[in-house]
Amino acid sequence: MSLVIPFEAIEERARERVGGAQALAQRLPVPKSAEQLRAESDDRYLSLMSLRIFRAGLRHSVVDARWPAFEEAFLGFDPARVVAMSEEELEALLNDQRLIRHWGKLKSVQANAAAMTRLRSEAGGMGAYLADWPRDDVVGLWQDLGKRFSQLGGNSGPYFLRMAGKDSFLLTDAVVKALNHWDAFVGTPKSKADRLRVQAAFNAWHQATSRPLCQLSMILAASVD
């Protein structure tokens, strides 16, 4: 894919907007290595996934303050133990005032624990699944997460990946604005074909700069917003 604007120009604009190279560097996330992703236990991935799901549509600080209670209620998010919870035990959580009592989201924890248990048999665990998924097919990973897991469609899958440390880009309003501004895309990427075109742009920038996708995404956003 031939890009109209080389990424050096985008990064220069981002540096100007945020106050210099050091200020920009301090904003940039650092993705985990494949080894680090594999080393993380499934219970931590289930906790992070659930945290992302409960954060959706709510102030993050409100959800985060309640998360120790969620850890207790869901038995440390151990997938096997969560799968074994009875319907009565799940329903009892609706009376736990320490929690955010959204039945659909509460049920998603058990559904996702079951999906993660299946993934352990198929891929060796959530960490191995994330580590082995190729960087140049993030869009495919978003789609697969949405199929495998409950309430992980839309932006929840990409945000979960960012929280987990898997290298990926985000399609925030600022990133989409930047893609339009720098002639890498026109409009809002809505379809799978659109997202694949955006993926191609990020892949080309990664090849040209060796920067991880998460940093390219952040620099793009900083260049316009």
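In the predicted model, G76 is placed in the loop that joins helix 5 (60-73) to helix 6 (79-83). The residue is partly exposed, as its relative accessible area is 27%, a value that falls between the 20% limit for buried residues and the 50% limit for exposed ones. Although G76 and D43 are 33 residues apart along the chain, their C-alpha atoms are separated by 6.9 Å.

Helix 7 covers residues 87-92, and E88 lies within this helix. E88 has a relative accessible area of 57% and is therefore exposed, since the term applies to values over 50%. E88 also takes part in a negative surface patch, which is formed together with E87, E89 and E91.

For the chain as a whole, 14 helices and zero strands were assigned. Read along the sequence, the pattern is accordingly written as α-α-α-α-α-α-α-α-α-α-α-α-α-α. Along the principal axes, the C-alpha atoms fill a box of roughly 60 × 35 × 30 Å. Of the 225 residues in the chain, 47% are buried, that is, they have a relative accessible area under 20%.

Conventions:
Residues numbered from 1 in each chain as written. Predicted model: local features only at pLDDT ≥ 70, side-chain atom pairs only at ≥ 80, totals over all residues. Heavy atoms only, no water. Patch = residues over 30% accessible without salt bridge, like charges linked within 9 Å, V, L, I, M, F, W, Y side chains within 5 Å. Areas by Shrake-Rupley, 256 points an atom, 1.4 Å probe, with all protein chains shown as cover. Salt bridge = Lys/Arg side-chain N within 4 Å of Asp/Glu carboxyl O. Lys, Arg positive; Asp, Glu negative; His and termini not counted. Charge placed at Lys NZ, Arg CZ, Asp CG, Glu CD. Helix = DSSP H or I, 4+ residues; strand = E, 2+ residues; numbered from the N terminus. Buried < 20%, exposed > 50% of the residue type's maximum accessible area, 1.4 Å probe, protein only.
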